[in-house]
Amino acid sequence: MENKISIDAGGVYYRKLNEQIRAAIADGATEIGLTGVNGQRYIGDGISDKVSINMDGVPGNDLATFMNGPVITVHNNAQDGMGNTMNEGKVVIHGHAGDVLGYGMRGGKLHILGDVGYRVGIHMKSYKTKIPAIIVGGCAGDFFGEYMAGGNLILLGLHHDKDKPIVGDYVGTGMHGGTIYIRGEVEQYKLGAEVGVMELTEEDNKTLKGLLTEYCTDLGLNLDDIMNKPFIKLIPISHRPYGKLYAY
Amino acid sequence: MLRNTMPPEFKVIVDHKRCRRCKRCLQNCSFGVYSFADRVVTDSAKCVACQRCVTFCPELAIEVRENPLAFKASFNWTDVHRKNIWKQAEQSGMLLTGMGCDVDYPIYFDHMLLDACQVTNPSIDPLREPMELRTYLGRKPDTIKVESASDGKLKSKTKFEPQMKLDVPIIFSPMSYGAVSLNTHKSLVMAAREVGTVMNTGEGGLHKDLYSYGDNIIVQVASGRFGVHADYLNAGVAVDIKIGQGAKPGIGGHLPGEKIGMEISKTRMIPTGTDALSPAPHHDIYSIEDLRQLIYAIKEATNYKPVSVKIATVHNVASIASGIVRAGADILYLDGFRGGTGAAPTVIRNHVGIPIELALAAVDDRLRKEGIRNQASIVAAGSIRSSADAVKAIALGADAVAIGTAALVALGCRVCQMCYTGKCAWGICTQKPELTRRLDPEEGAQRLVNLLRSWALEIKEILGSLGVNAIESFRGSRERLRGVGLDKQTLDILGIKPAGR
Ligand code: SF4
Ligand code: SF4
């Protein structure tokens, strides 16, 4: 049964706010609306319940860190460190988001409508059926997918002006697992030495379509508009990038 | 090409008159020294002097000797330098090693002596009088307000931050499941429970069988975030953020794919056979502010359990430590340059970092001068070899010490430094089932309990002789230390007087 509750976050210190959110969940709330959010950190941090949290304001750093179940929707921009070591659940951002998103993320989804900053999807991992996904609608900064070890990282480059590159330098540096899909072309010099460019297989197209269908539903986009341009696929050439450094 | 351009480091000699051809040496050697052709045949070039065969030969028929180079002696071109160059010329690549730095830099613990009571100030007999080794790690308040309760008893009005309670001021240092075997982790955690202390999981997560030992576990979070999830963070009594390791400051962890078998893969939550990379920087931490962000992310996820931050002692350790305490760490873990490792490039292990004794003294000084020493406890590590080292470290300002190598030695380790090969003959630093089963966790735990109880007795004896009855009141008592053979500047940094003064 649905149990809606609204919390006024205006001027509330993050520690208090997060206490209130946890208390509401303990009281059986399944749908939490936050009003007046303005930079409070750690919203959703470590929460394992399957609740939904919605907000109109801009949440602070480390949104959904260590998160393990909730679905968070932000009708605004988000800041740095979102989805740090996240395990399950989803975050939908109807705007831009900052640096270091999905660090060490091992499950769940980040759906971002706009641009993202540096080091997005770094150390992302997957294990068996737990395959995390980050989908970025706009462009990304340097070190996209650095040290990536698993999961799917998708960059769409929608609605960006022509002069701006779709992604920064050092894409997939140190990558040793997972897949990066980019809608468009990326110059070879931007790619980490560990990365190879591949054509999409039938299987890839299926994965991509599945993930993007959900993304489009969340953000009110049209799947055909996205699929009308070819994607490239980046995968590591070896899952042992540093196997040959040592003598004896 | 020659198989080896250098003579073997050790010589394995079998006394064939005594040998009864039981072949135990063949079974026990994990480095492939032995074979059998009518009688035991040895390939000395493969021997690492782990002493496994010597220990298990029922006839005492085996002797492992050093095989010194018969080259012209040179103070400058030592045999170590020559051999390293040959190795690299042959195979190309960095040289790897295990365990702590083995180079003869000064060991300051061996240049400090403790005081004792005589005539005018009575010592205490620890066998007859109460002697307190209990230690609480965590943030202490700036002041304590006391009020009397309705029953007339005094009680603290100040609310304390959560503390970690130790019955002995010695904890087990982080050694990851992956670097060491599951039986090693089991031995450590069972011993920790028995003695009333904690083991640190290291960065490889916690095997599901060990979650029930939560009260005696500190869980570690490193840059690779292996096996880190909300349940894991809440599994122990505290969370440790690994920034650095004494044996390899500025160098990350790298567990080779060969070591990632089924169980490790489950615990670390990564596929079998892939390299587990933990680069030195956490790429979300570039400043004290960023560190603060992670500390508080962890506190939020754990309902404010104590958070420890582990760093390698490097040149500027005192100001780094000050930043860490100001970032909100409740425990500061200092790992000196002699600290152990499962694998590190030899060049880093032997040449980077500073000794724990000097670092500890400098950090304690700095935090006191800044008036923030109470905000975090200090754990000192990086080659605590005996109870004497532990007491000296506490006199220099540590709240507690951590032991890694000493614990492994108690489990049978011979400090052969071959941990990085994954062939540890004692079943400690390996994942091969035929080797890991050599360490029985029950027996291992008992040996660790024996060690910690012995050290506890010795610490009590030392405290008694000092006329002190609680270890917590002894912390930072540098007045009870004297230096021997140390120069003025070193004495000044250690904050101790020379013997005779
Ligand atoms: S263990 Fe000793 S007695 Fe047995 S075969 Fe080896 S050398 Fe001979
Ligand atoms: S743990 Fe094993 S391999 Fe490492 S030094 Fe000890 S005995 Fe040797």
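Author: Start with helix α11 of chain B, residues 387-396. Helix α11(B) lies across β6 and β22 of chain B, running at about 90 degrees to β6(B). Helices (H or I, at least four residues) and strands (E, at least two) are DSSP runs, numbered from the N terminus. The angle, on a scale from 0 to 180 degrees, is taken between N-to-C directions; axes are lines fitted to C-alpha atoms, for helices over the stretch in contact. Contact means heavy atoms within 4.5 Å.

This is a predicted model, in which local features need pLDDT of at least 70 and side-chain atom pairs count only at pLDDT 80 or more, while totals for chains, interfaces and linings use all residues; side-chain values use heavy atoms, without hydrogens or water. Residues are numbered from 1 along each chain as its sequence is written, with chains lettered from A and ligands numbered from 1 in the order in which they are written. Chain B averages a pLDDT of 94, and 99% of the residues score at least 70. pLDDT is the predictor's confidence in each residue, from 0 to 100. The model scores ipTM 0.90 and pTM 0.93.

Now the sheet under the helix. The open sheet has three strands of chain B, in the order β6-β22-β23, with mixed pairing. Its edge strands are β6 (112-114) and β23 (497-498), each pairing on one side only. Two strands pair if DSSP finds at least two bridges between them. Three bridges join β6(B) to β22(B) (residues 481-483) in the antiparallel sense. Across that pairing, Met112(B) stands opposite Gly483(B).

β12(A) and β5(B) (residues 94-97) run parallel, joined by two bridges. Tyr246(A) has Met94(B) as its bridge partner in β5(B).

Next, a covered helix. In α8 of chain B (residues 317-326), seven of the 10 residues are buried. Buried means under 20% relative accessible area (1.4 Å probe, protein chains only), exposed over 50%, partly exposed in between. Val317(B), Ala321(B) and Ile324(B) are among the buried residues. Their cover includes α7 (288-301), β17 (307-312), β18 (331-335) and α10 (356-369) of chain B. Just after α8(B), Gly328(B) takes a positive phi of about 110 degrees.

Last, the ligands. Around ligand 1 there are 13 residues, the closest being Cys19(B), Cys22(B), Lys23(B), Cys25(B) and Cys57(B). A residue is near a molecule or strand if one of its heavy atoms lies within 4 Å of it. By class, this shell has eight nonpolar, no polar and five charged residues. Ala, Val, Leu, Ile, Met, Phe, Trp, Tyr, Cys and Pro count as nonpolar, Asp, Glu, Lys and Arg as charged, and the others, Gly among them, as polar. Ligand 2 is surrounded by residues including Met99(B), Cys413(B), Arg414(B), Cys416(B) and Trp426(B). The shell around ligand 2 has nine nonpolar, one polar and one charged residues.
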